[in-house]
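Work through the exercises below with the sequence and the coordinates at hand. Each task is followed by its solution in steps.

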Amino acid sequence: MSVIKIKSNQRVKLAEIDPEDTGGLEKQAAKGILAKNIERLAELQEVLYAEGKHALLVVLQAMDAGGKDGTIRSIMSGVNPQGVSVTSFKAPTAEELAHDFLWRVHKPVPPRGMIGIFNRSHYEDVLVVRVKNLVPKAIWQPRYDHINNFEQLLVDSGVTILKFYLHISKEEQKKRLQSRLDQPEKHWKFNPADLGERERWDDYMQAFEDVFEKCSTKTAPWYIIPANKKWYRNVLISETIIKTLESLDMKFPEPAADLDKIVLK
Ligand code: AMP
Ligand code: MG
């Protein structure tokens with residue numbers, strides 16, 4: 001079982017990565033691993049908060065019905081809600097469009113001590129924007145460099161960045177969209193506009209491949225997560241977050257005074 005971490009300037013072909021992959025893991029075993037990971041993540045989040053030196057930014061990108069919401073719901077189910085912020089990026093407002101494309105992204109970046117999750121992100125500005133020609137190429141092309149510079153600024157300021165692409169097949173997307181049509185309690189999730197995006201599937205794959213090649217850096221890498229099986233996706237992402245947090249070697253701060261000399265009356 002291993003995640004696919006993209007190296008700087010590495011060109012990946014998404015068609016060659018199997019979204020059905022389960023790394024030889026069984027669903028039952030995966031559920032046990034996830035339960036432990038959720039507990040471990042809660043412990044790590046508490047030290048992150050107490051120490052207050054690092055921030056963790058998790059970026060989630062995927063096609064529609066790719067599992068971004070479900071990932072957040074299950075992986076973060078054990079952590080203290082006070083220590084986590086989730087930001088969902090929608091089509092920009094008129095005010096946001098009147099600024100540079102990173103203006104709306106900078107503020108929700110988590111401060112030190114916090115975990116921040118981006119459900120979609122600044123990468124939409126080189127994905128949907130590019131695929132649907134929302135701005136000319138002369139505008140979106142320089143954005144890869146702007147993104148790399150922006151992320152480097154964050155890294156230099158104590159933010160650890162993990163970027164996950166949830167890789168589902170076009171067939172799996174069809175199944176998931178169909179279940180949104182079939183189940184009344186899922187109707188609210190069905191957006192007819194998603195069908196237009198689905199028709200542009202191949203253009204999106206190309207735009208994603210360019211993102212991975214240009215914006216996977218040593219300090220802010222992209223990970224490709226085989227995501228047809230939700231339980232495998234959850235294990236891979238939780239493990240990657242845990243390993244990353246463990247590598248920060250965080251510690252609870254020293255107490256302010258000699259606590260063993262304090263007597264409560
Ligand atoms: P959802 O994630 O289903 O709530 O949908 C959010 C929608 O907002 C998606 O269709 C995205 O493509 C769109 N969106 C997010 N960011 C941007 C952006 N920067 N420019 C245009 N559309 C965007
Ligand atoms: Mg949607």
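**Exercise 1.** Are R143 and D125 buried or exposed, and at what N to O distance do their side chains meet?

Step 1. R143 is buried, as is D125 (buried: under 20% relative accessible area; exposed: over 50%; partly exposed: in between; 1.4 Å probe, protein chains only).
Step 2. Their side chains form a salt bridge at 3.7 Å, N to O (a Lys or Arg side-chain nitrogen within 4 Å of an Asp or Glu carboxyl oxygen).
Step 3. R143 belongs to helix α7 (residues 143-156) and D125 to the loop between β4 and α5, so the pair ties together parts 18 residues apart in sequence.

The model is predicted: local features need pLDDT of at least 70, side-chain atom pairs pLDDT 80 or more, while totals for chains, interfaces and linings use all residues. Residues are numbered from 1 along each chain as written, chains are lettered from A and ligands numbered from 1 in the order written, and side-chain values use heavy atoms, without hydrogens and water.

**Exercise 2.** Which helices does the salt bridge of E246 and R40 link?

Step 1. The two side chains meet at 2.9 Å, N to O.
Step 2. E246 is in helix α11 and R40 in helix α1 (residues 27-51), 206 residues apart.

How values were computed: Helices (H or I, at least four residues) and strands (E, at least two) are DSSP runs, numbered from the N terminus.
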